[in-house]
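Biologist: I am new to this structure and would like to learn how to read it. Could you take me through some of its features?

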Amino acid sequence: MHYRSGMRRLLAHLLLAAVALLMAFPFYWMTTSALKTNDEIWQFPPTLWPHSPLWSNFADAWDAAPFARYIGNSIFVAAVIVVIQIVNSGMMAYAMTHMPFRLKNAFTALILVGYMVPVTAVYLPGYVVLSNLGLLDSYAGIILSNSVSIFSIFLIRQAFLQVSHELVEAGQIDGASHFRILWTLVFPLARSSFAVLALITFIEQYNNYFWPMLITKNPDLQLVSAGLRSFFVQGGAYGLKWPLIMAASAFTILPLLVLFLLTQKTIMRSVNLSAGASKG
Amino acid sequence: MRRSRLASEGKALLFTLPAMIPLSLFWFYPLVYVVYLSFTEWDFMSPVKTFVGLDNYRYLLDNPEFYQTLRVTLLFCVGSVLPIMAVGLGLAILLSRKRRGGAFYRMLIFSPWVTPTVAVSIVWSWIYEPDVGLANNVLHAFGLEGIRWLEDPNWALVSVLLVTVWKSAGWSMIFYLVAIGHVPPDYLEAAELDGASGWRKFRSVTLPLISPTTFFLFVVLTISSLQAYDQINVLTQGGPAGSTRTMLYFYYLSAFDAFQIGEASAVAILLIVGCVALSLLSFWIGRRTVHYS
């Protein structure tokens with residue numbers, strides 16, 4: 001009996017180790033490929049670690065396309081969107097949970113409908129709207145069109161439902177405005193949900209590709225995914241300079257892996273919260 | 001009294017504006033607009049949109065390419081959703097017991113989910129490289145013939161699916177870990193006292209109790225697989241011979257490549273109807289299933 005359970009434990013460990021290795025291996029392969037010379041990368045059989053790691057590939061890739069600009073764009077756009085979403089989700093969720101008004105049910109229903117509609121399906125009419133507003137090819141366009149997320153609203157609403165009405169009323173008796181109550185009394189109580197919102201939104205927007213690619217043609221405005229993809233396709237990079245392409249992929253991906261390492265707990269907890277948020 | 005009532009209504013509306021304005025501009029209005037567009041013929045440029053009634057829908061239903069697209073979409077949904085759930089559940093079962101290195105395994109397995117799809121798809125296209133790519137090297141090592149992963153119509157969809165499953169399996173694992181953690185230990189002990197084996201305990205106690213999670217994942221993953229774009233765009237662009245062209249990709253191509261706005265809008269409507277139907281179904285079933293939390 002003891003022997004059998006020991007065997008089982010070992011088997012489980014082996015299986016887990018194999019899967020974990022499989023999941024992480026593409027990242028390892030990306031890194032070693034980035035350090036190889038163009039000759040070594042075409043060698044058979046492939047080397048697991050390059051003979052003489054060519055660290056200069058990273059610098060060469062960095063200079064081969066305006067990656068600093070792309071990454072800067074992504075960080076800037078994602079950060080601004082996070083701030084806006086904190087404000088508008090907070091206010092919307094507060095109105096939905098702690099302010100009585102006649103249109104509340106109508107608005108809630110409307111948002112629920114929005115939750116069911118796949119975003120990508122409205123990209124075409126959204127593009128026409130943005131072009132009529134004259135906001136194609138601008139930071140304002142990218143930011144404004146991503147400035148609200150139904151998921152974020154639900155997430156914060158879920159947190160605000162836990163806040164008692166008495167607290168809000170006590171604030172009102174003290175003469176505080178709703179705006180003040182929201183940001184000084186309610187916000188601190190829900191800060192872990194806001195942290196999740198910030199992190200998830202940042203990652204999502206940093207990685208965002210399809211929509212920003214559609215609405216920006218100017219290379220100066222490209223986010224990192226679109227920039228990386230055009231480096232991959234153009235400039236003779238396609239299939240010829242794999243080490244440089246892998247180096248460029250590496251400095252796009254690694255910041256996120258580092259962010260993930262630092263904020264693991266919050267990110268994994270977000271999974272929990274997102275399940276709650278979508279149950280409404 | 002009436003004035004203060006009015007004032008509080010106004011204040012509440014004011015609080016909703018920062019969210020409602022962008023929502024109306026980029027969500028609700030486009031939703032109505034795309035219905036209208038689906039009844040017209042337009043090419044983005046010309047100032048007139050010709051009203052053509054149901055012609056766009058009729059044209060779609062007569063188009064054999066559209067049926068291929070439907071088939072690919074179905075294959076893509078089934079081929080991504082089921083493996084993501086099965087792998088996630090399997091890993092969650094293995095990791096649900098406290099074991100050394102558990103947190104480390106969990107971290108590695110979850111990590112693909114946070115990375116940008118475009119960048120990791122580029123890494124995968126290097127792995128799929130037909131001459132010296134890692135995938136074919138592994139096949140060669142086992143004495144097997146190499147595959148032209150992304151250029152062979154029989155393998156292209158499989159290649160895209162592999163990337164999709166790789167990226168999301170860890171995400172569904174986390175959901176299942178939480179759900180399994182919520183199964184009350186007394187239930188399992190009771191089953192054990194009744195002489196239930198490990199498998200029997202899992203099948204009769206754990207599996208029914210985590211069914212809300214299974215259902216939730218099924219709906220969310222199906223909706224997101226209907227919207228998959230990034231990996232298809234990087235790896236195959238819908239090719240070869242349309243073998244990876246899903247409905248969404250078809251929509252994108254007819255809108256932004258062929259400029260057939262009416263036809264593209266009709267595809268969008270079908271997508272929307274599909275997703276809304278799925279969500280409504282999930283609300284309906286969700287209300288009927290018992291929650292244990």
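Modeller: Let us go through it one feature at a time, keeping in mind that this is a predicted model.

Biologist: Let us begin with the two chains. How many residues of chain A are in contact with how many of chain B?

Modeller: A general remark to start: the size of an interface is often given as the accessible area lost when the parts come together. Here we can count residues instead: 69 residues of chain A are in contact with 70 residues of chain B. On the chain A side, helix α14 (residues 242-278) gives the most, with 15 residues. By class, the residues on that side of chain A are 51 nonpolar, 15 polar and 3 charged.

Biologist: Next, helices. How do helix α8 and helix α11 of chain A pack?

Modeller: Two packed helices are described by the angle between their axes and the distance between the axes. For helix α8 (residues 150-161) and helix α11 (residues 191-207) of chain A, the angle is about 165° and the axes are 9 Å apart. Angles over 145 degrees count as roughly antiparallel, so that is how α8(A) and α11(A) are placed to each other. Their crossing is right-handed. From α8(A), Ser152(A), Leu155(A), Ile156(A) and Ala159(A) meet Ser193(A), Val196(A), Leu197(A) and Thr201(A) of α11(A). This contact has 5 nonpolar and 3 polar residues, and no charged ones.

Biologist: And in chain B, at what angle do the axes of helix α8 and helix α9 cross?

Modeller: Helix α8 (residues 185-193) and helix α9 (residues 198-209) of chain B cross at roughly 140°, and their axes come within 10 Å. The pair α8(B) and α9(B) is therefore oblique. The crossing of α8(B) and α9(B) is right-handed. Tyr187(B), Leu188(B), Ala191(B) and Glu192(B) in α8(B) meet Lys201(B), Ser204(B) and Val205(B) in α9(B). Sorted by class, the residues of this contact are 4 nonpolar, 1 polar and 2 charged.

Biologist: Which residues of chain B does UniProt list for a domain?

Modeller: An unreviewed UniProt entry lists residues 70-282 of chain B for "domain: ABC transmembrane type-1". In the model, that span is 73% helix and 0% strand, and its end C-alpha atoms lie 22 Å apart.

Biologist: Now the backbone. What should I look for there?

Modeller: Most residues other than glycine have a negative phi, and most peptide bonds are trans. Phe44(B) has a positive phi, near 85°. Phe44(B) sits in the loop between β1 (40-41) and β2 (50-51) of chain B. Phe259(B) also has a positive phi, of about 55°, and lies in the loop between α12 and α13 (261-288) of chain B.

Biologist: Which residues does a cis peptide bond join?

Modeller: Gly239(B) and Pro240(B), with omega about -15°. Pro240(B) is in the loop between α11 (230-235) and α12 (247-256) of chain B.

Biologist: Last, is Ser4(B) buried or exposed?

Modeller: Ser4(B) counts as exposed because it has 8 C-beta neighbours inside 10 Å, and the cut-off for exposed is 12 or fewer. Ser4(B) belongs to helix α1 (residues 2-37) of chain B. Its C-alpha atom is separated by 72 Å from that of Arg148(B), 144 residues apart along the chain. By contrast, Phe44(B) is partly exposed, with 13 other C-beta atoms within 10 Å, and Phe259(B) is partly exposed with 14.

Conventions. Residues numbered from 1 in each chain as written. Chains lettered and ligands numbered in written order. Predicted model: local features only at pLDDT ≥ 70, side-chain atom pairs only at ≥ 80, totals over all residues. Helix = DSSP H or I, 4+ residues; strand = E, 2+ residues; numbered from the N terminus. Buried ≥ 20, exposed ≤ 12 C-beta atoms within 10 Å, placed from the backbone. Contact = placed C-beta atoms within 7 Å. Nonpolar A, V, L, I, M, F, W, Y, C, P; charged D, E, K, R; others polar. Axes fitted to C-alpha atoms, helices over the stretch in contact; angles between N-to-C directions. Parallel < 35°, antiparallel > 145°, perpendicular 65-115°, else oblique. Left-handed = near helix turned anticlockwise from the far one by under 90°. UniProt positions renumbered as here; feature names shortened; annotations may be inferred.
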